Amino acid sequence: MKLVLDKRSEHSELMTLMSPVLAIVLTVITGAIIFAVQGLNPFSALFVYFVEPLTSLWSIEEVLVKAAPLILIGAGLSVCYMANVWNIGAEGQLTMGALAGSFVPIVFSSWQSPLTLVVMLIMGALGGAAFAAIPAFLKNRFNANEILTSLMLVYIAQLILDWVVRGPWRDPKGFNFPQSISFEGWQLMPTLGEGRVHIGIILAVIAVVILTILMSRTLKGFEILVIGNAPRAGRFAGFSRKKIVWFTLLLSGGLAGLAGIGEVAGPSGQLQTAISPGYGFTAIIVAFLGRLNPIGVLFAGVMLAITYIGGEAAQIDLGVSDKTAQVFQGVLLFFILACDTLILYRIKLLASKIKPQQHVAAE
Amino acid sequence: MGGTEAIILTIITASTPLLLAAIGELVTERSGVLNLGVEGMMVMGAVCGFGAAYTTGSPYLGILAGIAGGMFMAFMFAVMTQTLATNQVATGLALTLLGLGLSGLIGESFVGLPGAKLEQISIPFLSTIPFIGPILFGQDILVYISIALVFATTYVLFKTRVGLIIRSVGDNHNSAHALGYNVIAVRYACILFGGACSGLSGAYLSLAYTPQWIENMTAGRGWIALALVVFSTWLPKRLAIGAYLFGAVWIMGLYVQAQGFGIPSQFLSSLPYLVTIIALVIISGNKTLTRVNTPACIGQTFVPDR
Amino acid sequence: MGKNISIRGGTAASADYLLEARGITKMYGDLAANNDVTLKIAPGEIHALLGENGAGKSTLVKIIYGSIQPTDGELYWLGEKVHIANPAAARNLGVGMVFQHFSLFEALNVAENIALALPKDIDIEDLSEKISEVSQEYGLPLEPTALVADLSVGERQRIEIVRCLLQEPRLLIMDEPTAVLTPQEADQLFLTLERLASEGCAVLYISHRLDEVKRLCHDATILRMGKVVGHVDPQQETAASLARLMVGADVHAINANREYNPGETLLKLNALCQDADGPFGVSLLDINLDVKAGEVVAIAGVAGNGQSELFDAISGERVSSSTSTIRIDGRDSGLDNITTRRKNGAGFVPEERLGHGAVPGLSLSENIVLTRHSDDDGLSKSGFLDRESAVAINERITRDYDVRKGKPDPEARSLSGGNLQKFVVGRELDRKPKVLVINQPTWGVDAGAAALIRQAMIDLALSGSAVLVISQDLDEIFEIADRIAVISRGQLSDAYASNELSLEKIGLLMAGEHEKKTTVQDEKVSA
C-alpha cells in the first residue's frame with residue numbers, strides 16, 4: 001500500500017471547515033491513548049481536561065482570562081502568517097509590551113486617572129510593535145530570516161525583563177523578591193463582575209472584529225493575501241512586499257505587546273520574571289487552529305485556553321503532569337497541519353501493483 | 001592545566017552540540033528541506049539519551065537512545081512534510097513545540113537525578129603532550145564524531161554520487177524527478193540524518209555538557225544551529241568554523257561573568273543570541289555569498305505527478 | 001489526403017519496430033489525457049508526434065520515458081513486451097529524452113548535470129573527456145566545468161542532447177526542441193538529428209511547427225484530445241492539411257489585412273539601461289524603440305535574452321533610474337511605479353499566467369482587483385473593496401473573451417492554460433488601454449484561444465492603441481506584427497517593417513548581429 005496525494009482543482013470548502021474539527025477529534029483520541037498508557041481511565045481524564053473547565057463559573061472565567069492574550073496574539077499572528085511573514089517571537093514582543101506598559105505605574109506610581117490605563121495600554125502596544133520592528137527592519141534591509149531573528153529576540157527580551165525586575169524596577173519593600181511594586185487602581189485592568197475576568201477579553205474581541213474587516217473588506221487585507229500567496233503577482237499588482245512585512249510585524253507585535261501589558265495589569269498585577277506561560281508560542285497553534293482567520297482564532301483561543309485550565313485541573317484531580325497540556329498542544333498543531341492537506345489534496349491509498357515489476361526490460 | 005587550555009576545552013564542549021545539530025540540518029537543507037524542528041529533536045535526544053544512560057548505566061547506550069529520539073521526531077516531520085505535503089515552516093514549529101512538551105513529560109521523573117557522564121577517551125601517549133594533548137587527543141567520543149562528520153559530509157556532498165543526488169534534489173526537484181530520482185525518498189533520508197545528528201547533539205548535552213536532565217536544557221541551541229547553517233552558506237567546513245567561533249563567544253561571556261566586571265549577567269547571557277542575529281545580518285546581506293550555495297528548492301513542497 | 005491516413009491497431013508485435021505502444025490510456029480523474037493511443041517507431045526513423053497544446057503528447061512521451069505509468073495499455077521494445085517502471089529503466093533500454101523545460105540543475109556544472117543521467121559507476125573525471133569528445137564529434141561545443149546557471153538556453157539544450165548521446169540511445173525523444181533556438185541553431189540541430197537517424201537511432205520528434213516536421217520527419221502520428229486521429233507521411237501533406245488534422249477543423253484565419261496608418265508615438269523607450277537583478281539575470285543595454293498608435297510591434301528573440309527584464313522595466317515592476325527612459329502617452333514614466341503607469345493608460349500581460357499575472361488560489365473576481373484596484377471603476381473606495389463590482393466586471397470579461405469556467409467565479413488555478421490566458425488578456429483589454437505590452441501572448445495555449453487573443457491584439461491596434469508584443473513564436477510574430485525588432489543579450493535591434501524582414505535576417509539578429517562589440521557583458525566575460 002502506498003499513500004499518494006491527488007491535487008484538487010480548487011480548495012475544498014468542506015475540508016476548510018472540517019479540518020480543525022477533525023484535528024481536535026484526533027487529538028482527543030491521542031489524548032485518550034496517552035491517559036490509558038498512564039493507567040488512567042481515559043474517559044474521566046478527558047472529561048476533566050476538556051469538559052470540566054466549562055462546568056463552573058469560576059473555571060469559565062479562568063478560561064476567558066487565559067483566552068484573552070491567546071486571541072489577541074493569535075489574531076495578529078494569523079494576519080502575519082497570511083502574508084507569509086513568520087513572526088515566531090510573539091513571546092518576546094509580549095514581554096517587551098509588558099515592560100513598556102509598566103513604565104508609567106512603576107516610574108510615576110502615584111498617577112491615578114483613567115488615562116493612566118489608556119497610556120499603559122498604548123505604551124504596551126508600542127513596546128511590542130517596536131520590538132517586532134527589529135526583525136522587520138533586518139528582513140527588509142539585510143534579508144535576514146525573520147524566523148530566526150524574532151526567536152532570538154525572545155531570549156533577549158526575557159533576559160532584559162529578568163534584569164529589570166531584579167535590578168532597577170525591583171520593589172524596594174519586596175523582601176528582595178524579583179518583582180516590581182504592585183499596581184493599584186487605574187493601573188489595573190478593570191474586571192468584569194466580581195471575578196478575575198478583565199477587559200482584556202473585550203479588547204481581544206474588538207481586535208478580532210477589526211482584523212476580520214481588514215482581511216475581508218479592505219485593499220490592505222487583499223494586499224496581504226496576494227503577497228502571501230504569490231509575491232510576484234503582488235509586485236505586478238503594484239503592492240510592496242516590504243511595506244507588508246512592516247505592517248504585519250508591527251501589527252502582530254503591537255497586539256502581542258497589548259496582551260503583555262494586559263497580563264501584567266491584569267491577573268499578575270505587577271512585573272515578575274515570568275509573566276506568561278508561553279502564550280506567545282501557544283498563539284502560533286491558535287493561529288493555525290483558527291485557519292489563519294481572525295474569527296476562527298476566537299474559537300481556537302478559547303479551545304487552547306481550555307487545555308491550560310484542564311491541564312491544571314487534571315494535575316490537581318488526577319495527578320497528571322502539567323506537561324501533558326503542552327504535549328496536547330503540540331499534537332493538536334500536528335494534526336491541524338496534517339488535516340489541512342485535505343483542503344488542497346485528496347488522499348488515496350494505492351495498492352502497490354506496480355512495484356514487483358521494476359526494471360523489467362527486454363531479455 | 002593552564003587557564004588558556006581550560007578555556008579552549010570548554011569552548012570545544014560548548015561548540016560541539018551546535019556543530020552536531022547544525023551539520024545534520026545542513027544536509028537536510030542541502031536536499032531542499034527546511035526543518036525548523038531542530039530544537040525539538042535535540043531536546044528529545046537529550047531526554048532519551050539521559051534516560052537510557054541513567055537506566056542502563058551506559059552512556060554509550062544513551063548516545064544510541066539519543067539518536068533514536070531525534071530520528072523518531074525527524075520521522076514524524078518527514079511523514080508530514082514529504083508524504084502529506086504540509087508546510088515545512090509550520091511543521092518545524094510544531095515539532096519544536098511537541099518536542100519541548102514531550103521531553104518535559106518523559107523527563108519529569110529524571111529531574112535532579114545524577115546522570116552517567118560520558119568519559120573522555122585519552123589516546124595513549126598523544127594525550128600527554130602538553131597543551132595540545134588534552135585538546136586534540138583527550139576528548140569524548142562525540143567530539144571526535146562531530147569533527148569526523150564535518151569531513152565526512154564535505155566528502156560525501158561534493159565528491160560522491162550520493163552527494164550529487166542530494167544537491168540536485170535540493171537545487172531542482174522537478175528536474176531530479178524527471179530524471180527518475182525519487183525526490184521524496186532522498187529527502188526522507190536527509191531528514192532522518194538531520195534527526196540523528198540533532199539527537200546526538202541533545203545526547204551530548206545531557207551526557208557530557210551537563211550530565212543531568214533539566215527541562216528545556218537545549219536553551220535555544222537548536223535555533224542557533226539553524227542560524228549557523230545560514231552563516232555557513234551551506235558549507236560544512238565553514239560551519240565548523242562558525243560553530244567554534246560561536247562556542248568561543250558563549251564561553252567568553254561566561255568567563256567575563258565569572259570575573260565580575262560589573263556587567264549585568266543577563267547582558268552576558270544574551271550575548272549568544274545577539275551574536276546570532278548579527279551573524280545572520282552579516283551573511284544574509286551579502287548576496288554573492290548566499291546565492292550560489294543556497295539550495296534553490298529550500299522549503300518548497302514537492303508533490304510528484306503520476 | 002484521405003488515403004494516407006490509417007489508424008493502426010496492430011495485432012502481433014513485430015520486431016521490425018523499435019518501439020510499439022499499444023492501446024495506451026492515461027486517466028486523470030475523469031479526463032483521458034491519452035485514450036487508446038497506438039504508436040510505432042522503426043529504427044532509424046524520425047517520427048513526428050503532432051498535436052495541439054493539451055492533445056496528450058507530453059503524457060505519451062512521459063509514459064514511454066517511465067516518468068508516469070499508463071492506466072492501461074502496453075509497450076513493446078523490439079517486439080518484446082516491456083514495463084518501464086522509471087526513467088532509469090527507460091535509459092537502460094536505450095531511450096533518451098530531451099525535455100522541453102530542461103531537466104537541468106542550475107547550481108551544478110555541466111559534467112555533474114550529465115553524470116546524473118548516466119549509470120552509477122561513472123567517474124566525473126573520465127566523463128569530462130567523453131563530453132568533450134562527443135560534443136566535438138556532433139558539433140555541440142560544451143565546457144564541462146561551466147555552471148549551468150551561466151549558460152544560454154541554446155547551450156543548455158546542448159547539455160540535454162549530449163547527455164542523451166552519451167547513453168548511446170536507440171530512441172531519442174525530443175520535446176519541442178526548436179522553440180528556444182534561432183533558425184540557424186535549429187538547422188544545426190536538424191543536421192545532428194539526421195546524422196543520428198542515419199546511424200540507426202530513431203527519433204521521436206514532438207512539435208507543432210509543421211514546416212519543420214515536413215522537412216525533417218519520415219512519419220507522423222497526430223494526436224487530438226488524447227486520441228490518435230491520423231498517421232501520415234508528412235512529405236505527402238501540406239502544412240494546411242496537417243494543421244486541419246491537428247485542430248480538427250480549418251484553423252481560424254486571423255484577419256490581419258489592414259491599412260498601416262500609424263499615428264503618434266504612444267510608447268517610447270529612450271536609451272533604457274538596467275543592471276541585471278541578481279547574478280543570473282540579464283542587463284538591458286541602451287534600448288530604443290517607438291510604438292505608435294495603430295500598430296503592433298513585436299520583439300522577437302530566444303528565451304532568456306532579456307525579455308522578462310524588458311517587460312519588468314516597461315511595466316514598472318522595476319522602476320528605472322531616470323524618468324526620461326520610458327515615455328507612455330506623452331508622460332515621462334521612468335520613475336513611475338506600475339500602478340501610476342496603469343493609471344496613465346498602459347496595460348500589461350506578463351509571460352507567467354499563474355503566480356505573476358494571476359494569483360492561483362484567488363477567485364477570478366479577486367484577480368480582477370489585482371491589476372485594476374486603482375482604476376476609476378470603483379473597485380476600491382477609500383481603502384475598502386467593492387466585491388460586487390469585481391464580480392460584475394468578471395462576468396463581462398469572461399463573456400466577452402469566451403473564458404470557459406465550471407462555476408461563476410472559480411479559483412484561477414482551476415482554469416486551463418488557454419482560458420486563463422484569455423482571462424488575463426481580457427482583463428487588460430477590457431480597460432481599453434492606450435498602450436498594451438504583452439509578453440508571450442499565446443505560450444502554451446490551444447489554437448482556438450491563440451487565434452482569439454491574436455485577433456484581439458490586432459483589433460486593439462486598429463482602435464488606435466499601441467501594442468507591443470514580446471514573443472518567441474516567429475509564426476505568430478509574422479502573423480500580427482507591423483514592425484519587428486529583435487532582442488539578444490539585453491540589446492534591441494532596430495525595428496524593421498515585417499514585410500521587409502527575411503527569416504534569415506531575423507535569425508542573424510537573434511544570434512546577436514546587432515550587438516555592439518564592446519558591451520558590458522563582453523567585458524565581464526573577458527575579465
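## Walking through the chain contacts

In this predicted model, 21 residues of chain C are in contact with 15 residues of chain B, where contact means that the C-beta atoms of two residues, placed from the backbone, lie within 7 Å. On the chain C side, helix 2 (87-93) and helix 3 (110-115) are the elements that give two or more residues; helices here are DSSP runs (H or I, at least four residues), numbered from the N terminus. By class, that side of chain C splits into twelve nonpolar, six polar and three charged residues. For these classes, Ala, Val, Leu, Ile, Met, Phe, Trp, Tyr, Cys and Pro count as nonpolar, Asp, Glu, Lys and Arg as charged, and the others, Gly among them, as polar.

A quick word on bookkeeping: residues are numbered from 1 along each chain as its sequence is written, while chains are lettered from A and ligands numbered from 1 in the order in which they are written. Local features need pLDDT of at least 70 and side-chain atom pairs count only at pLDDT 80 or more, whereas totals for chains, interfaces and linings use all residues.

Staying with chain C, the domain assignment (automatic or from a database) gives domain 1 (45-67 + 84-247) and domain 2 (265-526). Their centres, taken over C-alpha atoms, are 30 Å apart, and each domain puts 14 residues into the contact between them. On the domain 1 side, helix 5 (153-165) and helix 6 (183-198) of chain C each give two or more residues, and that side has seven nonpolar, six polar and one charged residues.

Now over to chains A and B, whose contact takes 39 residues from chain B and 41 residues from chain A. Several helices of chain B supply at least two residues each, including helix 3 (59-83), helix 10 (221-231) and helix 13 (271-284), but helix 4 of chain B gives the most, with twelve residues. The chain B side divides into 24 nonpolar, 13 polar and two charged residues.

Zoom in on one helix pair there: helix 6 (residues 146-166) of chain A packs against helix 13 of chain B at about 160°, axes 9 Å apart. The axes are lines fitted to C-alpha atoms over the stretch in contact, with angles running from 0 to 180 degrees between N-to-C directions. So helix 6 of chain A is roughly antiparallel to helix 13 of chain B, a label used for angles over 145 degrees. Leu148(A), Met152(A) and Ile156(A) are among the contacting residues from helix 6 of chain A, with Leu274(B), Ile277(B) and Leu280(B) among those from helix 13 of chain B. By class, this helix contact has eight nonpolar, two polar and no charged residues.

Definitions and conventions
Parallel < 35°, antiparallel > 145°, perpendicular 65-115°, else oblique.
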